[in-house]
Amino acid sequence: MSLAKNHIGGRSWMPVGIRGRLVLWFILGAVGAVSTGVVVVYATGIQAIQETLGQTFCQIGSRTAEQFSDTFERQRRLVGDLATDSLTTEVALEQFVLYRRYSLEWRQARIKRVEQEWKASKSSAARMKTLHPQLSHRLSVLKGLEGPALLRLTVFDIYANALAASSPPAARVAEKASWYLAVIKRDKHFVYVDLDRERSEILFATPIWAGTDIVGFVTAEFDYADVEKELNAVRFGATGAVHAVDYAGAPLAGVARAFLVRAMGRRRPPQNPTSMAQFEADAYWIALEEAGAWPYWQRLACIVPVRPVNDLRSAFDLPPWNIVVTQSPDESYIALKTSLGSFLLVGVFGILVVGVGGAFIAWHITTPLKQLQNGVQQFARGDRGHRVDVSSADEIGALAAEFNRMAERVSASENELRAFAQAVADAADAIVLTDSDSRIYYVNPAFEKTTGYSAEDAIGETPGLTASPKTSRAVLDALRRAVEEGRSWRGELWNRRKNGDEYPVDLTMSPIHDDSGKIVSLLGVHRDISLARAYREQLEKEVEERSREIAETQGLRAMGQMASMIAHDLRNALSTIKMNLQILFRRQDAESEKTADWEHCRIGLDQVQYMEDIMRDMLAFARPDRLQQDWHDLDQIVEEAIVADSQRISAGDIDVQRHGGSDVPKAYCDRSKVLAVLRNLIGNALQAMPDGGMLRIDSTMIMGGDDPNVQVSVRDTGIGIQPDVLDRVLEPFFTTRAKGTGLGLAIVKRIVEQHGGAVEVDSYQGEGTVVRFTLPTLPTDKSPSDAPNSNS
């Protein structure tokens, strides 16, 4: 009877059946999961938070160190630009040359007198009058542009005597200043950076170069309060802060804190450092014990070296600076504390939910058809990634598996279509699709960008929308035949943009067929080849120029062989003729009366000299000698060239003017070659002034890239050169004179270009001609330290 009561209709009415056991198992599992989770979260959460916050702090520190370095880099660039300014260099070099010119006793006495005058001046205005006015004004303007962060700009000579300043410095002579004592023995480029903690000022110092010599220094004093303000602006959370400290943990500004000292004292390398150099340069975080904190709650701090600034300071054995990022432990672990409380609350609520939900598990287990229905509906709404879980192997499970396979095939097909559409839209070439009536129904964005026509402009039109009349009839006929025959075609033609510009394109036209083979559309892909055609034309032009150069080189080789033959076969004959004419000339010249024979001898000697000049020019141009370069004073070479032609200069009533300067460095050149260049140019100038005039020769220093060059200009007041032939005067064998080979200026050009320089010719008819050429001051295979001093 009891058995019958407990099994009515085949169902179990026992208090703890399958459904009850499922609910009980869910509740026990939830309780165990929550308890285990609390322990695991607390044990692993601390390490995870330390790793996460440590990395976060290091990211903040790295960005702050970058900002810190960027601020110093801007200040360094300001000092560097001022040190390379032409006026700064000129003022420092002038003082440097003055010191070199006089004795040590004179220099010491002068510096002492300047310092006494400085101390005697009571007002700032009076002291500023003792400095260089123009440069001081420029420094004042620069200071005003930089704002209040820049306190002072000062230019010192090589002995720490202030030459110019934006405002009067405390002392005129800074020979006992720490920065000057640190840099005075330096002979390479440097940037000195240090902080005056008492005055909270950052000082930069960098040298002023003139050639290979340090001729002075530029210093800049900045207010560190602005940098500290930027650091204080970096805040995160309620207690997170960024500190700039030295190697011992003392803040660069502000009050010292114990945890900063502990942070710098607890240095530990990151996990598995590749080298100690990497450990010293990279950021790392550490955990510090904090009194009164929960168990295992430690203060986190990240230390980031300010690498660019430390690199500059290390050159002077100055201690490095670091950025320390830290936060109060109570705030660092507040998330863990909140998570634990939330986890317990959610865990209790989850246990209740699991208990209630477990009662319905049995019913959900027996309702897979509902799942399949929901899956089909979700897939139909567009969720192509949704799949139905196959929970059984019966007919319903097989139906669910077949649905999943069908969903995979549909998704794959849609992905292929989507990828194809995206590829067409993203293609760099313009793509056009037309229907069977040759009407455009699609253009990609590249078409709009290339032609200027929008999709709205093009759709419904024919491809003739972009056609250009520059396309030849033969090309259009070939394209039309390909369309009629239903085959692909490729060729070059011209298109026209919406703004009217015409451009060449490479067009590929392909028909699109349906399953029955009927053409339903045409696909056109065209690429703008304007740049490619320009490259091709440029390449053809370069090939033509190289071919002409090769032909000229072969001609010069032949001329060199011919010149050798001339030198070998004709020089002896000319020497014999010249010697005999000179003997006859002396005999006739000794007589009191000059006969016709004397005049014939003189004419003959002139013609022999003319032939020797032609032979010399041809040999010099056809077979250039190897340069024998060294450092030479150009002023001496110019004087030697003038002296060599002094007789012609005096006879021609020529006024010679020389303009140079002590700041012109020595040129690295072949002395004899440069002398030949100058004599050639002087000779041309004399020939251009048959009635007399002025010959002016200037030598100046110019900057050619990173290195200084010397420029020499030879100017005359002669008849000038016609504008239509000015561009050809440097070509070989070109001359406007009745006599001459036309190789003079060509030889000048070759010699100067052998030195790595350049030649320029300017001329105005009736006013004169000026020829400028440049020479290097440094060899290409030597460092600047190998160059001699310009005054040595």
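## Briefing: a sheet, a disulfide and salt bridges

D506 is buried, with a relative accessible area of 17%; buried means under 20%, exposed over 50%, and partly exposed in between (1.4 Å probe, protein chains only). This is a predicted model, in which local features need pLDDT of at least 70, side-chain atom pairs count only at pLDDT 80 or more, and totals for chains, interfaces and linings use all residues. Residues are numbered from 1 along each chain as its sequence is written, and side-chain values use heavy atoms, with hydrogens and water left out.

**Salt bridges**

- The count comes to 22 salt bridges, each defined as a side-chain nitrogen of Lys or Arg within 4 Å of a carboxyl oxygen of Asp or Glu.
- D506 forms a salt bridge with R490, and the closest N and O atoms are 2.6 Å apart.
- This pair links distant parts of the chain: D506 sits in strand β15 and R490 in strand β14, 16 residues apart. Helices (H or I, at least four residues) and strands (E, at least two) are DSSP runs, numbered from the N terminus.
- R490 is exposed, at 61% relative accessible area, whereas D506 is buried.
- Salt bridges that share partners join E73, R76 and R77 into one network.
- D85 forms a salt bridge with R138, with 2.6 Å between the closest N and O atoms.
- D85 lies in the loop between α2 and α3 (86-101), and R138 in helix α6; the pair links distant parts of the chain, 53 residues apart.
- R138 is partly exposed, with a relative accessible area of 31%.
- D457 forms a salt bridge with K498, where the closest N and O atoms are 3.1 Å apart.
- D457 is partly exposed, at 30% relative accessible area.

**Disulfide**

- The structure holds 1 disulfide, a term that here means a pair of cysteine sulfur atoms within 2.5 Å.
- C58 and C302 form the disulfide, with their sulfur atoms 2.1 Å apart.
- The two cysteines come from distant parts of the chain: C58 from helix α2 (residues 18-83) and C302 from strand β10 (residues 299-305), 244 residues apart.
- The disulfide is right-handed because the torsion about the S-S bond of C58 and C302 is about 110°.
- C58 is buried at 11% relative accessible area, and C302 is buried at 0%.

**Sheet**

- An open sheet of 5 strands runs in the order β4-β3-β7-β6-β5, with antiparallel pairing. Two strands pair if DSSP finds at least two bridges between them.
- The edge strands are β4 (162-165) and β5 (192-196), each pairing on one side only.
- From one strand to the next, the twist averages 20°. Axes are lines fitted to C-alpha atoms, for helices over the stretch in contact, and angles run from 0 to 180 degrees between N-to-C directions.
- Helix α6 (residues 133-146) packs on the sheet and touches β3 (150-157) and β4; its direction makes about 155° with that of β3. Contact means heavy atoms within 4.5 Å.
- β5 and β6 (residues 201-210) pair in the antiparallel sense over 5 bridges. In β6, L203 is the bridge partner of D194.

**Positive phi in loops**

- S200 is in the loop between β5 and β6. Its phi is near 55°, a positive value in a residue other than glycine.
- S200 is partly exposed, with a relative accessible area of 22%.
- D317 also has a positive phi of about 55° although it is not a glycine.
- D317 lies in the loop between α11 (307-314) and β11 (321-326), and it is exposed at 72% relative accessibility.
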